[in-house]
Amino acid sequence: MGTEAPKTIFDRIWESHVITRRDDGESLIYIDRLLLQENSFHAFDKIRRENRKVRNPGQAFAFADHYVPTRDRARGLDAIADPEIRNMVELIEADTRAYDITLFGLGDIRQGILHVVGPEQGITQPGLVIAGADSHTSTHGALGAYAFGIGSSEVAHVLAVQGLWRPRPKTMLVDVVDPLPAGTTAKDLILAIIARIGAGGAVGHVIEYAGPGITGLSVEERMTVCNMSIEAGARAGLVSPDDKVFDYVKGRPYAPRGEDWERALAYWRSLPSAPGAAYDRRVEITGGEVAPMVTWGTSPDQALAVTGRVPDPAAEGDADERRRMERALTYMDLRPGQDLRAIAVDRVFIGSCTNSRIEDLRAAAAVAKGRQARVPAMVVPGSGLIKRQAEEEGLHEIFLGAGFEWREPGCSMCVAINGDGLQPGERCASTSNRNFEGRQGRGGRTHLMSPAMAAAAAVTGHLSDVRDLLAEG
Amino acid sequence: MDPFETLSAVAVPLEQANVNTDQIFPARMIKKPRAVGYAQFTFHDIRRDDAGALRDDFPLNQDKYRDARILVAGVNFGCGSSREGAVYTLLDSGFRVVIAPSFGDIFAANCLKNGLLTITLPEATVADLRKEISAAAAPRLTVNLEAEEITRPSGETLAFEAEPFQKHCLLNGLNEIDLSLEFAAEIDAFEQAHRARLPWLAVEEG
């Protein structure tokens, strides 16, 4: 009898969820949790049209987040002036009612962004396979789950079948070999990782983040890292769970309790990747060299340390890459060689499933405290519970005192489909995850960065190195 | 889903790398019901200038490519958001095939579910194909899925590899949910064993 090869956490989760295999090598994978949002209406339409039964409504959770207003919540649905936007919030209410699916909807204190509320409620747990109707479902991998985004047809498939057909993805280890320096955050790390491997660098792979630079992060910081896995093209991103994760999950509303907790814990402790486990690819990142990052282009891999300069396409040897850079600079209205810190911004957005958790708000507030915003800046907490906690800590008073807007939870200006958005030509310092052309509004220009960096941009009016402000105190 | 037969149609080259689903189908259009027809939204923002007029330099706006049903794209086509509207809009505009060196994973999965054939070929081959299409007076390709073969404007053929299951579904216009439900007994048995092994998975709010 030979010894079994050491396994990765992904191997363990995958192998424990294979229902059956097809001749072509694809497996039907069991889906433990399905996460839905307003755009899932196409999936419900398909279920209705094909007269399907929803197999396990209790394993699906829906969230009103993409289209909800971030102001005037007391008015409920009436706060939404645009009938098409309002219809989206009404549809998710009607569809979840019709199929007996739990909704975290408008008016519920727990309402918020699906990738914030899932972990917050204990719906996300280690070892689960989670499919979500949103590409940033990779966020949940921070707790040691295999979590990935799917389109509407596959949402309908999960509703009817509780499984999905998948070829086994390849694995990539991103080993962050040392801790991040002071003044540098999880957002800077993931932007540096994406800049290194490219927007399509991890296509077909599941990334496992490991090493001292990852284990030293809090669970929320790991969520920021896993969240943007998709921006490197990865199918999913995850971290082997440790005591920080178990402590995070314990006591949350949907977490196991009593005897179940002990059994779950014993199982979760068996999940982490074994030393010597094999990966299809390995990338080593020197955490200690990561500096506060900003994006300068229109793809998340077009990122640099804020101390740098706008790159020069003329210096790029590859013709396709040069064209891509030129197009980005034209759209962003930037010149090669410009000091990144001299770029003035018109707006600041602090929020999104990447950076709207309590630690993010604390980091932004620490910079905003005692300063004044020079440009319109808005803070959108990730959930109602985070908003409440921030208010208990007095963070809202710091933001309001510094001239920032304090809004209600939702996706807001990350995807700009709820009515919050940039005007053409406006330039925004944003803690969200995509700087695509038009992402925050047609003609809008997005620079991605951490919450502390965005707060620094708000109080200086231009991209800034937050370390300079923190040194001032 | 309509079965895919051999398609002989105009092909349009799109040079750009990392074309994301926001560019294929802007987020603000997602809330429109499919019934309005998504063809009007295909590449909505990038095919127009700031004033909203169609740009002459965007290939799909040129007469030569007006009836294109095959898209020949760059690396990592369809990256970004999981929105399936990016597939619906291409289908509603008449596209049945996208050829590229690589695709966003979620986009490729969404294509498969909706009968939009994705063909992956080496980067240099795709670049060469785009060049040939641009130069051709009649930029037509013939895609034969059964034979896994593309006929270029020059008349030469180019072999590709289709995933066997995708090929089977496309050729026969099969509904994947029906196929999967044939495994109901296996799913039931798995679920029972899974829940026995991990009893805390039963969803219960404390």
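Me: A salt bridge is a side-chain nitrogen of Lys or Arg within 4 Å of a carboxyl oxygen of Asp or Glu. What makes R71(A) and E405(A) a salt bridge?

Reply: The closest N and O atoms of R71(A) and E405(A) are 3.4 Å apart, and the cut-off is 4 Å, so the pair qualifies. The count between domain 1 and domain 2 of chain A is one salt bridge. This is a predicted model, where local features need pLDDT of at least 70, side-chain atom pairs count only at pLDDT 80 or more, and totals for chains, interfaces and linings use all residues. Residues are numbered from 1 along each chain as its sequence is written, chains are lettered from A and ligands numbered from 1 in the order written, and side-chain values use heavy atoms, with hydrogens and water left out.

Me: Where do the bounds of domain 1 and domain 2 of chain A fall?

Reply: Domain 1 covers 9-167 + 239-274, and domain 2 covers 292-472. Those bounds come from an automatic or database domain assignment. Taken over C-alpha atoms, the domain centres are 28 Å apart.

Me: How many residues of each domain are in the contact?

Reply: With contact meaning heavy atoms within 4.5 Å, domain 1 of chain A supplies 23 residues and domain 2 of chain A supplies 26.

Me: And what does "bury" mean for domain 1 and domain 2 of chain A?

Reply: Buried area is the accessible area (1.4 Å probe) that two parts lose on being put together, summed over both. Here that's about 2,000 Å², 60% of it on carbon and sulfur atoms. On the domain 1 side, T70(A), I113(A) and H136(A) lose the most, together 32% of what that side buries.
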